[in-house]
Amino acid sequence: MMRAVLTLRQWFQAARRSSVGRAVLHWRTPMWAVRVILALWLIGQIAPAPVRAPLGEPQTVKVIHPQLCVHTRLIDEVPEYRIQQTFIAIREMGAGTIVEFFPWAYIEGSPGVYGWGQADKIFKHARNQGVKIIARMGFVPAWARPDLTNQPPTTLNTLPEDSFAEFAAFTALFAARYADQLDGIVIWNEPNLSFEWGFRPVDPAGYTRLLAASYGAIKAVAPDVLVLGGALAPTVEPVGSPNALNDLIYLDGMLKAGAGKVMDGLAIHTYGFTQPHDAAPAPDRLNFRRAELIHEVLADHGLGDFPVYITETGWNDNPRWLQAVTPSQRIDYTLGAYKLADETWPWAKKVCLWVFRYPAPTHSYPDYFTLSTTDFDLKPLYYALKAYGAGSE
Amino acid sequence: MSLFSRFHASLILLLIACAPIVWWWLTLERYPPIRDVFPTGELVVAIDPSYPPFGYLIAGEYAGIDVDLARAIGQRMGLTVRFVPTSYDGIYDAVVTGTADVAFGATQVDGNRGGDTRYTWGYFNNGLVLVSPSDAPLYEGATLTDKTLAVEYGSLADAEARLWTRRVRGLTLQHHPTATAALESVRAGNAQAAIVDYTAFRVYQTDSAWAGYATFLTDAYFAGVVRADRRAVLYHLNQALLDILNSGQMDDILSKHF
């Protein structure tokens, strides 16, 4: 250690003899060092220019099948050119409408402070490509969630009744801002699933109160915007299940609570899972034609002509997921589903596939619901739908 | 420098040298024992029972790699394991809300995800592998010059292979509707190699009794998910998981399912 101390002393003596050392020891920096640092910083700033997404001539979609629609995931998309690329691909597919999620928590992070940037980008490119948007609303900002001391944290899906009015006010603001480009606003997502209802017991009457609050607020500022209830998830969970409630029973509960008067249409999800598009529906079975059972519940309440918007549907072709089919079956069933809905479901206004593309892979079976990879490799199903959308039956 | 000042200088240096160790010791997190962290004696595990071989149901009973791993962890911690079936969409929220202590749902460590959850140690690498016949093994991408590479169309493997076509001269891609079909092509001699994920390779090996050679190209670890503020839960789970990994018990679990 003594030797080390002496060596250190010698180092200081040597440092005092050199110009650099003197500069460091006396906190003086010679100009050449400043220049080197500046040059290194400038070199570090050299980067390729970001890919721009300038708007071209306004486009229109050649819609042959008005039900053709796809759910997108653009709210988390960072490069703007990917948003534009998505809308171009959807227009070329012949789909005049998309469904997109606009989380309240993303836009109003603090009460009364709004960040519309990403939503504006999405609507700008949708307008430029002539595509309408069904906006799905949800995700509660932390400031609007209950403060449960010593309780597990709430999730983005926990909306206390005290905050219904604030949620409604936000949806109204949104509707007024984008009214000309909206094909509808879906109030919440899958409220008949516990985890989508903040891991609380599901509550059709409670959800109907949320729907009523939103309906009133939206109609006051944007009377032409369609307010859609739901979107109900397909499930056969019985009454009392902690996980969910059968969508048919849940809808019945909603309508008994007066939901029919506070929505312009009903949004539902109906997945095919492992069954073909034309497999017969049954209350204890989940398949594409479960939508017909939903329609029957509406008809039982005197709403036989009530518009239904299928805002999520489709098949998955993951090789290992138990609810998946093969890629060729997926194409056959999807095309068959559109033809079936076109020919026999006049009440189904839109049939929207889940999902066009994810901004980042999930690394699990949800990736096999997409029409495009994250890197924008369009899958065979996309081309099959494009041919269908162009009128090739 | 006098002897006195040398002594003081050396003492100061010694203290400086020891400071990081003292700091580490003072800030070392100490966790309560398992019985205090899990007072009910129960480990609640969220699983996705729709994704074999990791989670599925046989005659109403949970089975799979994730299920066996959770049971092994519970056994090492002296806890009873209770499973909560959860779809993949809700698996992170299940731990955030306290519905489950940990989620094992073939959940891949995702660097983009942060905030309210943390991952345990990885227990299975589902990265992409380059698969070739064991009698003509290929060890790296550079050996694929003028060869045919089979991949599942539109998959991550396809994306990786497309990058390789820019680097490897004469590499031809052969697209298939599934990873299994890509491996079949290699087995039949129609392609010299395939890129698939490691699970697809192991499942195919089991189903076909084909001894292909696989070498990892990327890493993609499956891990348990725990709520970020439940550090003691994460600590005890990781201790048990490390024991399982180091003792070879994880290999036994994998052998049972592949």
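Trainee: Does α4(A) pass α6(A) in a left-handed or a right-handed crossing?

Mentor: Good place to start, and keep in mind that this is a predicted model, where local features need pLDDT of at least 70, side-chain atom pairs count only at pLDDT 80 or more, and totals for chains, interfaces and linings use all residues. Residues are numbered from 1 along each chain as its sequence is written, while chains are lettered from A and ligands numbered from 1 in the order in which they are written. A crossing is left-handed if the near helix is turned anticlockwise from the far one by less than a right angle, and right-handed if clockwise. For α4(A) passing α6(A), the crossing is right-handed.

Trainee: At what angle do helix α4 and helix α6 of chain A pack?

Mentor: Helices here are DSSP runs of H or I with at least four residues, numbered from the N terminus. Axes are lines fitted to C-alpha atoms over the stretch in contact, and angles run from 0 to 180 degrees between N-to-C directions. The axes of α4 (residues 80-93) and α6 (residues 117-129) of chain A are 9 Å apart, and the packing angle is about 35°.

Trainee: Which residues of α6(A) make that contact?

Mentor: Contact means C-beta atoms, placed from the backbone, within 7 Å. The α4(A) side includes A:Phe87 and A:Arg91. From α6(A) come A:Lys121, A:Ile122, A:His125, A:Ala126 and A:Gln129.

Trainee: In what order do the eight strands of chain A close into a barrel?

Mentor: Strands are DSSP runs of E, at least two residues long, and two of them pair if DSSP finds at least two bridges between them. In this barrel the pairing is parallel, and the order is β1-β2-β3-β4-β5-β6-β7-β8.

Trainee: How many bridges join β6(A) to β7(A)?

Mentor: On one side, β6 (residues 265-271) of chain A pairs with β5 (residues 227-232) of chain A in the parallel sense over three bridges. Towards β7(A), A:Leu266 stands opposite A:Val308. β6(A) and β7(A) run parallel, and the bridges joining them number six.

Trainee: How many residues of strand β7 of chain A are buried?

Mentor: A residue is buried if 20 or more other C-beta atoms, placed from the backbone, lie within 10 Å of its own, exposed if 12 or fewer, and partly exposed in between. Strand β7 (residues 308-314) of chain A is largely enclosed by the rest of the structure, because its buried residues number seven of the seven.

Trainee: How many residues does chain B bring to its contact with chain A?

Mentor: Chain A contributes 26 residues. From chain B, the number is 31.

Technical notes:
Contact = placed C-beta atoms within 7 Å.
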